[in-house]
Amino acid sequence: MNRQMIQDWDEYGIHAVHIPMAPPLRWVNSYVLQGNGEITLVDPGPRTDESIATWEQALGELGIQAPEITSIVVTHHHPDHYGLAGYMQSLSGAKVYMSRRAYEEAQLMWGKGQRINEELSALFAQHGMPDSWLAQLPGHLDSFLSQVEPQPELTFIADGEVLRLGDRSWTAIETAGHAPGHLSLYEDGQGIILCGDAVLPQISPNISLLPGSDPNPLYSFLQSLDKLKGFRVSVAFPGHRNPFSGFTERIDRLLLHHEERLEKIEALLDDGERSGFDICEALFGTELGIHQMRFAMAETLAHLFELVRRGRLEISNSNSHIRFGSTRMKNRLE
């Protein structure tokens, strides 16, 4: 790893370490906070041989020995943020902090006896996904298990709780949508936020409808963005891409993006009922790998069910196959 894989933000006491991951994201931002003889890691990344080697080199360049790490904060349960927490805890003995709701999601996805493989396949089948895609899902989902082992012993953080990390006090802000129980860390003095994937500067965080999780994830996401707008932020340190200013303006663009997508989906249904996969194909195409198709399908369903919640679509169910229709076209015909 060369020095470019570490970005120093000395005025904020933050080092950003780029932990490699698969395309299209390419890396996740892990943050190192130092001060008062303490060292905190935020979102250590997925567990892979490459990510472990990257941390070994990064810690060496920063002059840190693993036992000196005193705490690890995980913003949410996705493998690219949560995965190495248990491994790094085993090296350091550090406490690992996470929200209780995020822990529940981790157990849903990665816990013993989890049935997410079968349940997600059944959900997608209900919504019209062809067998050629469904057959790829179990192996794809199983591939993440090695990225989250061992799982950590956790200390839970509540929304609004203040943590002393390094030489700063950080307030935990719990949000949802991209991931239930997502935590951002906010420092009021300089208006700094470590926002994980709650707000990203160049891409829209994926919003997925998943069985057993939040039944209205897009609604939760939009509500969470409104909550985050209430904080004065000068610089946001995201989970992906580079730190950015204009936090409130970025939130406004994300809110507009999802309203525009809802309008587009509703228009696609003006000429009759269609399945969730039909809408997914119209929005994203099918020139995707299974990883991106899973995200595309789950995000399409999140938008469809938000339109149902708003009364703009209705559902029909025939032989366990679900289709959506526009209520505005029905109202016009009536």
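**Entry 1: overall dimensions**

I note that the model is a predicted one. I then took the extents of the C-alpha trace, which spans about 70 × 40 × 35 Å along its principal axes. For burial, I found that 54% of the 334 residues count as buried. I also looked up the contacts with a separation of 6 or more, and 66% of them join residues 24 or more positions apart. My tally of secondary structure for the chain is 12 helices and 15 strands.

**Entry 2: nonpolar cores**

I looked next for the largest nonpolar core and found that it has 79 residues. Trp-55, Phe-124 and Phe-247 are the residues with the most contacts inside this core. Helix α11, residues 290–309, supplies the largest share of the core, with 9 residues. Apart from this core lies another, of 19 residues, which includes Val-73, Leu-165, Leu-185 and Val-235.

I listed the surroundings of Phe-247, leaving aside neighbours within four places in sequence. Phe-247 is in contact with Ile-193, Cys-195 and Val-199, and also with Leu-228, Val-233 and Ala-236.

**Entry 3: helix α11**

I returned to α11 to check its geometry. The helix has 20 residues and reaches 28 Å from its first C-alpha to its last, close to the 28 Å expected at 1.5 Å a residue. I found α11 mostly covered, with 14 of its 20 residues buried. After the helix comes Gly-311, whose phi is positive, near 80°.

**Entry 4: the five-stranded sheet**

I traced an open sheet of 5 strands in the order β8-β9-β10-β11-β12 and recorded its pairing as mixed. The edges are β8 (162–165) and β12 (235–238); each has a single partner strand, so one side of each is left without a neighbour in the sheet. Direction ignored, neighbouring strands are turned by 30° against each other on average.

I examined the pairing of β11 (residues 192–196) with β12: the two run parallel and are joined by 4 bridges. Gly-196 has Pro-238, in β12, as its bridge partner. Helix α8 (residues 217–228) packs on the sheet, where it touches β9 (168–175) and β11. I noted that the direction of α8 makes about 150° with that of β9.

**Entry 5: cross-reference**

Technical notes
Residues numbered from 1 in each chain as written. Predicted model: local features only at pLDDT ≥ 70, side-chain atom pairs only at ≥ 80, totals over all residues. Heavy atoms only, no water. Core = buried A, V, L, I, M, F, W, Y, C linked by side-chain atoms within 4.5 Å. Buried < 20%, exposed > 50% of the residue type's maximum accessible area, 1.4 Å probe, protein only. Contact = heavy atoms within 4.5 Å. Expected span 1.5 Å × (residues − 1). Pairing = 2+ DSSP bridges. Axes fitted to C-alpha atoms, helices over the stretch in contact; angles between N-to-C directions.
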